Each structure stands twice: as structure tokens, then as C-alpha cells.
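Welcome, and thanks for taking a look at this one. Here is a short briefing to read alongside the structure.

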Amino acid sequence: MSQTATESRRSAFKVPASMPDGVHKRKLEKIKKTLSHNADVKRSYRKTLKQMGFDVPPPLSRKNRVKRAASDDVDSLHEDTDQNAEQPFEKASQKPTGRHNKKPKLSRFNKEEAAAATLRAEREAAQEERHRREADRRQKIEQRQKNKQKMMQYTRTGQPKLGVRVDVLLDKIQKTT
């Protein structure tokens with residue numbers, strides 16, 4: 001069972017077409033984009049080195065990369081022991097390196113944040129409109145009760161107070177026109 005070079009080679013990084021649009025899919029697309037960009041940069045770098053006349057070794061396969069990294073670790077381990085014997089407290093004073101000292105991203109998905117901001121603004125506008133209408137409604141109810149009280153005023157003999165009623169009716173007429 002021998003495999004040809006194309007069969008043994010791993011397939012490219014693919015994002016399934018059937019995957020629904022969402023955070024996970026966009027993250028996978030971003031990873032794919034960065035991987036292809038990095039490969040293009042490495043390829044162009046090697047090409048320019050060859051054009052300049054430098055001796056460029058072929059790109060390492062995954063297996064060779066692992067072997068080379070292991071041998072580099074052993075070499076660096078021997079160098080570290082020599083340095084630690086001379087200066088044992090130097091590493092403790094250094095700043096931490098790696099992924100822990102990176103600043104967190106402020107916004108990972110601007111699209112969702114923009115949609116959420118517009119939705120939030122719409123909700124706030126709707127709530128303000130609701131409060132305004134409720135205040136207008138209360139004011140009209142209070143005015144109606146005041147007018148009703150004025151219309152219900154009578155003299156001692158039981159006759160309606162026409163002056164007050166005329167004022168109420170006049171206000172109604174002025175509001176409609």
C-alpha cells in the first residue's frame with residue numbers, strides 16, 4: 001500500500017460550505033486567511049533571497065521541522081545551563097514574554113457590535129417615545145378631570161356657573177383651531 005505524493009499530502013485548510021454564518025465560521029475564515037498570507041510571505045521571501053544569490057534551503061516538512069525544533073531545544077538547554085551558572089537571577093528580573101503580555105483585543109467582531117449598538121439605540125428611542133406618549137396621556141387625563149370639575153360647578157341655588165363653562169368651551173374651541 002504505497003501512497004503517492006499527492007495522496008500523502010494533507011489537504012488545504014478548508015472551511016465547510018455548509019457551516020452556518022456566525023462567529024465560529026468567521027474565526028475559521030480568519031485563520032485560513034492568515035495561514036495563506038503567511039505562506040505567501042514566506043514564498044516571496046525565499047524567492048527574493050534566491051534572486052539575490054543567497055543559498056536558500058528548501059522549506060522544511062512537518063516531520064523535519066519537529067526534529068529540528070527538538071535538536072534546537074537540546075542545544076539551547078545546554079546554553080541555558082551555562083548562562084544560569086554565571087547569572088542565576090537574571091531571568092527573574094526580565095519581563096514575561098509570550099501571549100500573556102499581549103493587550104486584549106478591544107473588539108473581535110465589529111459586525112456584531114455594530115448591529116448590537118444599532119439595536120440598542122432603536123430600543124432606547126422606542127422607550128423614550130413610550131415615556132413621552134405616557135406623559136402626554138397623563139397630562140390629557142389631568143386636564144380632562146380639571147375641566148370636568150369646572151363643568152360640575154354650581155351656584156348655591158343649584159344653577160350651573162356659566163362663566164366657568166364658557167371658559168372651558170372656549171379653550172376647547174381654541175385648541176381645535
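Asp136 is partly exposed in this predicted model, with a relative accessible area of 32%. Its partner in a salt bridge is Arg132, with the closest N and O atoms 3.2 Å apart. Arg132 and Asp136 sit 4 residues apart in helix α5, a separation of about one helical turn.

**Around Arg132**
- Arg132 also meets Glu129 in a side-chain salt bridge, at 2.3 Å from N to O.
- Arg132 and Glu129 are 3 residues apart, about one turn of helix α5, which covers residues 110-151.
- Arg132 has a relative accessible area of 43% and is partly exposed.
- Glu129 likewise counts as partly exposed, at 32% relative accessibility.

**Other salt bridges**
- Arg137 pairs with Glu134, their closest N and O atoms being 3.7 Å apart.
- Both Arg137 and Glu134 belong to helix α5, where 3 residues, or about one turn, separate them.
- Glu134 is partly exposed, with a relative accessible area of 32%.
- A network of salt bridges links Asp21, Arg26 and Glu112.
- The count for the model comes to 7 salt bridges.

**The protein as a whole**
- You will find 6 helices and 0 strands here, running α-α-α-α-α-α from the N terminus on.
- Of the 177 residues, 5% count as buried.
- The accessible surface comes to about 17300 Å², and carbon and sulfur atoms account for 55% of that surface.
- Among contacts between residues at least 6 apart in sequence, 19% join residues at least 24 apart.

Methods:
Residues are numbered from 1 along each chain as its sequence is written. This is a predicted model: local features need pLDDT of at least 70, side-chain atom pairs count only at pLDDT 80 or more; totals for chains, interfaces and linings use all residues. Side-chain values use heavy atoms; hydrogens and water are left out. Helices (H or I, at least four residues) and strands (E, at least two) are DSSP runs, numbered from the N terminus. Buried means under 20% relative accessible area, exposed over 50%, partly exposed in between (1.4 Å probe, protein chains only). Contact means heavy atoms within 4.5 Å. Accessible areas come from the Shrake-Rupley method with a 1.4 Å probe; for residues, only the protein chains shown count as cover. A salt bridge is a side-chain nitrogen of Lys or Arg within 4 Å of a carboxyl oxygen of Asp or Glu.
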